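Reader: Before we get into the labels, show me the thing. Then I'll ask what backs each of them up.

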Amino acid sequence: MIVRRRWTAAATTAILFSAVLSHPGPGSAAPADPAPPITLSATETAVVRVQLRDQAQLDRLVAAGADLANRPRARDGRILADLVLTGTQLAELSAQGATAVQIVQRAGDGSRHYAESVRAAQARTAAGLRAPAAGQRTTASAVDTLQVQQAYWWTTGGQTFLQAQVATTATDDPDVEITVSWRTADGATGSFPLFRFEDSGEYQYHYALPQPVPSRPVQLSATSSLGGVSRVITPTLWPNATPPPLPAGYQKDFIDAYLTPIDIQARIKRLARQYRDLVDVIDLPNKTQGYRRNAVAYLGDPAVAAVVVESVRFGDQGMNGVQVRTVDPGRPNRPLTVGYRDRVLTVSLATDTAGKTVSSTDEVATAINTRQPNRFRATVEDGSAGLPMPVAGPARLDDGLQGSEVPARPWTVQALRLGVHRDGSRVGVLAYSQEHAREWATPLVTLEFAERMLANSRTDPATRELLEQVDIFVIPTVNPDGANYSFNDFNMQRKNLVNHCTGPARDPKNRTSWGVDVNRNYTVGSYFDGYVGASANCLSGTYAGTAELSEAESSNVIALAQTHPNIRFAMNVHSYGGYFMWPPGAYRADGRVTLPRPSIDESTLFLDSARRIVGAIAQERGTVTWPSQTGPVADVLYSAAGNSADQLYYELGIFAWDFEVGNDRWNPGTGEWEGVGFQPPFDEAHGESQEYAGGLVELVRVARDHAAAQPAA
């Protein structure tokens, strides 16, 4: 099957996009008996790994703005995608030929995993090369040339893996098939097929997920169905970099539960108090909206006819509990009137000569907007336009927020500044996380990193030296409002809480789709400049906002970097999927024209540093970020118009990377790579915090070494 991913203007409503396929390799367990079908109740929400019927079904999902994670991958003619689905949506997809293969995470799992993590924390506190495979086309002479672009191997958990990426010169032939053959040092041989990958209609290469092999591969070549044969190469060990060993007594593991923004705020305060000589707390300049929404109610019955009435002020500003009603004046020939008294909005409907009410839904909405514009706005509920307005109410306005312990006020986002010399005289490193609210593991990474640096500064000379030489900035939660909403109301929330929707899109049935994607709101390679990977649709998961830097959250990241020009390195921590990326992060659809590529020297710095950091991550529990998922964002993930790393790099000259923590885990029993989700059981999130915090420590070493290598001014 030909796998095509066309990110065009019509398809930019997609959120994070992922499809993960795997193929059992040599030594894999025999297939188990078929598992029972995976189903959800109609209203249940989950992240589901779904095998799609065909590419057309995938294209329709993308065009419709489906909530997907990471990039599509194909295997054996199949496409699997991780989607956030309700039971109804899953049933619809199944009826269209799709098959659910894994529940990655249920909507309720986030709250349960958070509670479990808290309980656990409390408890701890108390206590040879083959010919083309059969079926491939062969010709007397080759009509294409093959180039092996990647051939890497590594061992994790006792299993060796091989990954290859090969390009053919027959770029316009959608049917060309490529097979990779390998040989190990002890003479074992095998092969596996690669699959065509296109992006924005442009051929990129053929690839496959990491394949299990019995031991270290020493030879690899590729053949094509057109007769092309690559040269034989020796696969390279990945990442082939190891950080310095940890000294005896090195302190780590400061994370014992998922952390809400309120928890994070408390931890920042504690660290500042505990390490007064090494910590400054920076209040970032732009307060967020806060955990607040406008109060809203349906006036009428949405199943029959209704008007959505919404307060102009937020619900916590005295509007929660306000009532709205329509009444029959009980007399003929009465005009439509609107009055507000004693926290009750009363709409008296117009009547005809016989005394029958005759006001329509549109007329009622217009009357409210015209006569009470400072208190209320009203829209006709979708499907109710032009219908007779019934006598209804009183309905009580409410903001719908469930987090009773979350303060309802604008939020001051805070950054930690760590170092002996916090005066701009040392090279600066910025680590920031949770631009996307549902990515609960990401602030665990940045806070574990901060605590390691501070605690070990007292006992480990190497750590103290790093804090002498590097000025470290940490923003644990860029998007606290969205995070509070994710913990308390809808755990799949991706965006912030600012609702820029107008008209029918403000219907409360859309409440879990409101907000701006903070990581699509920056200035370089943005949607507003014609780049792919963001949307103007306010209900899309990749909604770019009303303008570049329209949101407090994105503006805070840039303000911090601009105020501290010594920041030369940055890491944006996201989840999930296991990626390590850098600019360019966006392209224009027409011709797939990316933002300018880094220079040869800078590209070398990005890749060499990535090897070091990936090696440091692997030290914790053997997790290896795949080489195919290490590289420029636009190449290894997708086009992400208006992302923060691009602005930091192109405008401010900062070497900016992105983590996607939460690597797929290999299941030797099934021979499958399995996703972990945005809010995995805490043991997994804890593991992610430990390994990626080690990666951030290595980033500090990279910054130190780079600064030391620069000629004196």
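**Labels and their cut-offs**

Author: Let's start with Thr463, which touches Tyr250, Arg452, Met453, Asn456 and Ser457, leaving aside residues up to four places away in sequence. Contact here means heavy atoms within 4.5 Å. Thr463 belongs to helix H8 (residues 461–469); helices (H or I, at least four residues) and strands (E, at least two) are DSSP runs, numbered from the N terminus.

Author: Some housekeeping: this is a predicted model, in which local features need pLDDT of at least 70 and side-chain atom pairs count only at pLDDT 80 or more, while totals for chains, interfaces and linings use all residues. Residues are numbered from 1 along each chain as its sequence is written, and side-chain values use heavy atoms, with hydrogens and water left out.

Reader: What makes Thr463 buried or exposed?

Author: Buried means under 20% relative accessible area, exposed over 50%, and partly exposed in between (1.4 Å probe, protein chains only). Thr463 has a relative accessible area of 3%, so buried is the word.

Reader: How do you know which way helix H7 and H8 lie relative to each other?

Author: The axes of H7 (residues 442–456) and H8 come within 8 Å and cross at roughly 110 degrees. Axes are lines fitted to C-alpha atoms, for helices over the stretch in contact, and angles run from 0 to 180 degrees between N-to-C directions. Angles under 35 degrees count as roughly parallel, over 145 as roughly antiparallel, 65 to 115 as roughly perpendicular and the rest as oblique. H7 and H8 are therefore roughly perpendicular.

Reader: Which residues in H7 meet which in H8?

Author: From H7 come Arg452, Met453 and Asn456; from H8, Thr463, Leu466 and Leu467. By class, the contact of H7 with H8 has three nonpolar, two polar and one charged residues. For the classes, Ala, Val, Leu, Ile, Met, Phe, Trp, Tyr, Cys and Pro count as nonpolar, Asp, Glu, Lys and Arg as charged, and the others, Gly among them, as polar.

Reader: Why is strand E23 called largely enclosed?

Author: Six of the six residues of E23 (residues 470–475) are buried, so the rest of the structure largely encloses the strand. Val470, Ile472 and Val474 point one way, Asp471, Phe473 and Ile475 the other, and all are buried. In a regular strand the side chains alternate between the two faces of the sheet.

Reader: What joins E23 to strand E21 and strand E22?

Author: Bridges; two strands pair if DSSP finds at least two bridges between them. Three bridges join E21 (residues 414–418) to E23, and those two run antiparallel; Leu418 stands opposite Ile472 there. E22 (residues 427–433) runs parallel to E23, joined by six bridges, with Tyr432 opposite Ile475.

Reader: Which strands stand at the edges of the open sheet of four strands, and why?

Author: The order is E17-E18-E16-E20, with mixed pairing. E17 and strand E20 (395–396) each have a single partner strand, so one side of each is left without a neighbour in the sheet, and they stand at the edges. E20 pairs with E16 (residues 323–327) in the antiparallel sense over two bridges, where Gln323 has Arg396 as its bridge partner.

Reader: What makes Cys501 and Cys538 a disulfide?

Author: A disulfide is a pair of cysteine sulfur atoms within 2.5 Å, and the sulfur atoms of Cys501 and Cys538 are 2.0 Å apart. By this rule the count comes to one disulfide. The pair links distant parts of the chain, 37 residues apart, with both cysteines in the loop between helix H9 (480–488) and helix H10 (552–563).

Reader: Why is the disulfide of Cys501 and Cys538 called right-handed?

Author: The torsion about the S-S bond of Cys501 and Cys538 is about 110 degrees, so the disulfide is right-handed. Both Cys501 and Cys538 are buried.
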